[in-house]
Amino acid sequence: MDHYRLFIGGEFVDPGDGRTFETLDPGTGEAIATVARAGEDEANQAISAAREAFDKGDWSGLKPPDRSRLVMDFADRMMTHAVRLSILESMDSGGIINRTKTEVFLGSQMLRNLAQYAAGSFPWQEEIPVSGNPFFPGRNYIVREPIGVTVGIVPWNFPLTMALWKIGQAIIMGNTVVLKPASNTPISALVLAEAVAESSIPKGVVNIITGPGGVLGKTLATHPEVDKIAFTGSTEVGREIMTQAAKGIKKVTLELGGKSANIILDDADLDLAVDGVLFGTFFHTGQICESGTRILVHDAVYDKVIAKLKKRVSGVKIAYQLDPESQMGPLVSAEQRGTTESYVKLGLEKGFNLLCGGERPEGFMFQEGFYYKPTIFTDVDNKSRLAQEEIFGPVACVIRFENDEQAAGLANDSIYGLAGGIWTRDMKRAQELARNIKTGTMWINDYHAFGDYCPFGGYKESGIGRELGQEGLAEYTQTKRIHISSEGDQENKLGFQMMFSYPKSKSFQYIGPTKLNAGHGALNSLNTEVGLLSCQKAFVISDQGVAAAGLLARAEKALGDFWVGSFTDVPTDSSFETVDTAALAARRAGADLIVSLGGGSVMDTAKAVSVVLEHGGKATDHIAINRLTKAGLPHLAIPTTSGTGSEVTNVAVIKNQKVHRKVYLADNHLFPQTAVLDPDLTLSLPPGLTASTAMDALTHAAEAMMSLKSNPVCDGQALAAINLINQNLPLVMKNPQDKEARLNLQVAAAMAGWAFCIAQVALAHALAHTVGALHEIPHGTACGVFLPVVMRFNAEHADGPLKAIARALGIGVEGLEPGQAGEEAANKVEELMQACGHPTRLSQLGVPQEALYDCALHAVADPVCIFNPRPVTDPGLVMDLLEKAY
Ligand code: NDP
C-alpha cells in the first residue's frame, strides 16, 4: 500500500510518533493508502515553517508578476501529474473519473487565471481621489498587502479543487499557507505537494498536514502566528472555528452548508429544466454544498415535471467511479450513506411521497461500496427537516408553488443562502426573481456553473466572505490606507486646532481660475466666450426681476444661435427644488453650457445645476465639501448686481427647505470658467438692492480679512475691494447711471469673492445664513446689519486686520488703541449704510425679538464659524451680539 507523508517546510516528513491512518476507496470499501497522522506538534511545525517563509519576505515581498510566474510554474508541474491525480482523486473521494480528469485541468487553469489577474489587474494600490474630510487635506491611497500565515481547512467532497482554491488564492496574493485536507480524502493534496516541491515556490510557502480535524483544527485556529483561516465544510464546524479564531481576532472566511432552491417556472423548457435540476441535485451523488436540493416547481407544470423527473433519473448510471461510463459514484463513506438513509427514513415517516430511490442499488458490484440511489420526495413541506437540513447525499425534495412571490418566499425560508437556480424562458422575470432571493449565487437555466473570475460564497449561515474572482483574492489581503498631508505648517492644520491654540498661519494655497471680462459692453463678448469654452448650447439661469428689467432678453440676444433656453424661476433663496427643476429644464434643452444671469441666488443655483448635469442625481446628492472629482458643466457667470461678482467663487449656498438651513456645496471645481462684468447690466438695479448687494461684497472682503485663513493674496484683493466699495457705493447711490462707479463695484465684488473663497467668511455670514433661512431676510441686507457688530465682537482678536480695513475705509489709524480699530471700522460701515438708506438694525428687517436665541443657536452651528478670529462656541455671547444688532 502506498504511504503519504506530511509536507512541512518543503520536506516530506512523518510525524514524530510515527502514527498513520488508512484512507478508503468508497467504491470498494477497501483501504488504498496509509497517511501520516499529524498531531499538535506537526501543526505547530507547519505554522512555524509558514511563518518563517512569510517573514523572510522572499515570497510576500515579490512583485505580483514575479510571484505569479512561480505559481504558473506550479500549475504546469501539477499537470505532469494529471493522470495520477485524477485516478487517485476518484479512488479516494468516490468522484467519477469523467469529472476528476476535467478537474485537474480546470484546477491548473484556475491557478494560471488568478495568477495572471493578480499580476496585471488586481487593484494592489488605489488612489482615493477625495478623502471626504476637508479638515485633513492631502493625498490618500490604499495598498492591499498579504495577510501573513493562512490556514486552509477543506472537506472531502472536492478535495483537489478545494485544496487548489485555498492554496492558490493564498499564495497568489503573497501569503503562506498551511492546508489541512479532510481525513476521508487526504491523497490528492499530498500529490499536489509533490508539484509544489518540484516548482520554484520557496520552501515553507505551502505546507500540508493530514490528521484529525478536531485536534489539528484547534491548534490551527488558535495559534498566535496564524493570521487568517479559510474553511470549507459544515456550518457546525465553521461556527466552532469562528469561535476559536475570535480569541485571536483572526480573519475568517467560511464557505458552509446550503439547501439551495432550484426553481422551475411555468414557462420553462421542461426537458432542459428537468436535466438541470437533476444535475443540480445528484451531481457527485448530491455531496455538494451548493446543490439545489429543494426543487420548487410551478403548479401549472408540476405533474409534467414529476413524470419527466422520474423517467429521466431512472437513466442515470450508478457505477464504480473509475468506470468511464459511471454517472454517479458512491458516497464518500459509510457514515455519509448512513446519514442519507436516516433522512430518507425521516421523509417516509413524515409521509412524503417517495418518487424514486430510497434504497441502495442492488448487485454484486455495489455490495462493498457506499452507493445509494438518487432519491426524490414530492409534495414535501418546506418547513420539514427534510427540506431544511443539509443532507449531503442524493436526496431531493420537490415543493409546489403558485407564483413567483411564493417561490421567492419558499427559497428564502431557510437558514442557508449559498446558491440557487431558475428555469424559465423569460429573462426579465428570472432576473427579478434572482434579485429577490437571499443567496450568494443564482444560476438561470444552468447549475454548478463556476468561473475563476466569479465570486462564490454564502448569505446567512452559508458563510462569510467570498472565494474566486477579485473579491476572493481580496479576502487574502489586508487594506492599508496611507495619508500624506499637504499641510506642512502645524498652524494651518484645522484638525490640530481642536487641541492646540496657534497664532494665525502664514501659509496658504491660492486658486482663482475664473477668466474675467470686465467693462462697458462686455456683454458683446458673450458669443466669443461661448465659443472659447467649446460649447454650443447655452442655457440661461436667471430670475423674474432680471427678466422684467429686460436683461434676460439682452443676454439671450448676445448669445445668438448658442442660446437654447432659459429658466427664470430662481427665488431669493435658492433651494434643492429650484436646482432640480432648473437642471431638468437645462437637460431637456440639451445644454452644454450654463449661463447664470443675476444675483447670488442665481449664481448659486447655476453652480449646483452645472454639477447636477455633469454628475447626475439630484441637488441634495452633491452637498459636500471638496468631494467633486471633476468640474460640472461649463458655467459662464454674468453678475447683474453690485455683489454677485462675489459669487464667482467655489461655493454655492442652497437652502434646505425641510430643515430651514442653508447648506454648502464648496469645491474648487465650482468656479465659473468665465465671468462677464458689464456695468450696463447693473444700471437698472434699484438703490436698495445696489446697497445691499454691495454690503454683501463688503462683508465678504471684511470677513476674509479677519478670517483665520486670511493670507496676503486674499488680503490684497479684500482691501482693494473694501476701498472700491467705500468710494464707489456713495457715487452710485447719488447717480445710478455712473457706469464707471458701477463697474468699480462689480470689480470690487469679484475681488471680494476671490478673497473669501480661499480665506473664508465667518460669523457675520453664519448670522446672515441663519436669518436668511429662518426669517427670509435677504442675504446682502443681513450681511450689512451684522458686519459692524461682528467687527466689534472681533475687535480684540483681529486688531491688525481691522486696522487695515479701517484704513481701506479711509480712516486714519495712527495712534489707535488696540481693539479700537474694530469700533472705528464698524462705525464707518454703519455710516456708509445710513448714507445709502440701508437698514442698520435687525428690528428693521422684521426678525421678531423672541426669535433671537434660536438664531444664536443656529448660527453657532454654522460651519463657517470656525474661521472667525474670536472663537464662536458660546451661544450666549452670540445672543448678546444679536441683541446689539437688534
Ligand atoms: P466537516 O465540516 O466536519 O469537515 C470539513 C473539514 O473540517 C475537514 O477537513 C475536517 O477534518 C475538518 N474539521 C472537522 N472538525 C474540525 C474542527 N473542530 N476544527 C477544525 N477543522 C475541523 O465535514 P464532515 O466531513 O464532518 O461532514 C459533515 C457534514 O458537513 C456533511 O454531511 C455535510 O452536510 C457538511 N459538509 C459540507 C461541505 C460544504 O462544502 N459545505 C463539505 C463537506 C461537508 P476531518 O476530516 O479530519 O474531520
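Helix H25, which covers residues 779-793 and has 15 residues, reaches 20 Å from its first C-alpha to its last, close to the 21 Å expected at 1.5 Å a residue, where the expected span is 1.5 Å times one less than the number of residues. Helices (H or I, at least four residues) and strands (E, at least two) are DSSP runs numbered from the N terminus. The model is predicted, so that local features need pLDDT of at least 70 and side-chain atom pairs count only at pLDDT 80 or more, while totals for chains, interfaces and linings use all residues. Residues are numbered from 1 along each chain as its sequence is written, and side-chain values use heavy atoms, with hydrogens and water left out.

H25 bends by about 35° at Leu 787, and Pro 788 follows within four residues; the bend is the angle between axes fitted to the seven residues ending at a position and the seven starting there. Of the 15 residues of H25, 14 are buried, that is, under 20% relative accessible area, with exposed meaning over 50% and partly exposed in between (1.4 Å probe, protein chains only).

Lys 828, in helix H27 (residues 820-836), is partly exposed, with a relative accessible area of 22%. Beyond its neighbours within four places in sequence, Lys 828 is in contact (heavy atoms within 4.5 Å) with Asn 726, Leu 809 and Ile 811.

Elsewhere, seven strands form an open sheet of mixed pairing in the order S15-S16-S17-S14-S13-S19-S20, where two strands pair if DSSP finds at least two bridges between them. Strands S15 (353-356) and S20 (443-444) stand at the edges, each with a single partner strand, so one side of each is left without a neighbour in the sheet.
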